[in-house]
Amino acid sequence: MAKYLLLKHYRGAPAAVNDVPMDQWSPEEISAHVQYMNDFAARLEKTGEFVDGQALAPEGAWVRYDGEGRPPVTDGPFAETKDLIAGWMIIDVDSYKRAVELAGELSAAPGAGGKPIHEWLEVRPFYGVPPTITE
């Protein structure tokens, strides 16, 4: 089994087919979307392929160490992932092909008008072992 991270994006990916921002959805459309995600995760729990998943709030900050006795520095000249990453799911599957198949299903979550979003999901494998550094 191999673990993959499925990333859902607010923006930064190619536009989805049903590209209506979630803040313009009705409460019923949001509920249907969340229910689809929950049902998808529950189905994968039964097959042993679900590891974890969360939606992310838009708030957040960059933080880095700024030296002994100094407070951490926040923010910076970087792309704000709080504006990009909407949520994630970790799956543990037999193959990359299966990871792509599941990402395709997750892409069909309903959005505005109850129609599938057809959103792009980023599929990222976890390293099975730390990478080898060669000189």
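Mentor: In this predicted model, R98 and E101 both sit in helix α3, three residues apart, about one turn of the helix. They form a salt bridge whose closest N and O atoms are 2.2 Å apart.

Trainee: What joins E49, R98 and E101 into one network?

Mentor: Salt bridges that share partners do that. The general idea is that side chains of opposite charge can pair when their charged atoms come close.

Trainee: How many salt bridges does the count come to?

Mentor: The count comes to six. One of them pairs K8 with E119, with the closest N and O atoms 2.1 Å apart. K8 lies in strand β1 and E119 in the loop between α3 and β6, so this pair ties together parts that are 111 residues apart in sequence.

Trainee: Is K8 buried or exposed?

Mentor: Buried means under 20% relative accessible area. K8 has 11%, so K8 counts as buried. E119, at 12%, counts as buried too.

Trainee: Now helix faces. Which residues of α1 are buried?

Mentor: They are E29, H33, M37, F40, A41 and L44. Looking down the axis of α1, these buried residues fall within an arc of 110°, so they line one face of the helix. The face turned away from that buried side carries the exposed residues P27, E28, E45 and K46.

Trainee: What covers the buried residues of α1?

Mentor: The cover includes the strands β1, β2 and β5, along with helix α3.

Note on methods. Residues are numbered from 1 along each chain as its sequence is written. This is a predicted model: local features need pLDDT of at least 70, side-chain atom pairs count only at pLDDT 80 or more; totals for chains, interfaces and linings use all residues. Side-chain values use heavy atoms; hydrogens and water are left out. Buried means under 20% relative accessible area, exposed over 50%, partly exposed in between (1.4 Å probe, protein chains only). Helices (H or I, at least four residues) and strands (E, at least two) are DSSP runs, numbered from the N terminus. The arc is that of the directions from the helix axis to the C-beta atoms. Contact means heavy atoms within 4.5 Å. A salt bridge is a side-chain nitrogen of Lys or Arg within 4 Å of a carboxyl oxygen of Asp or Glu.
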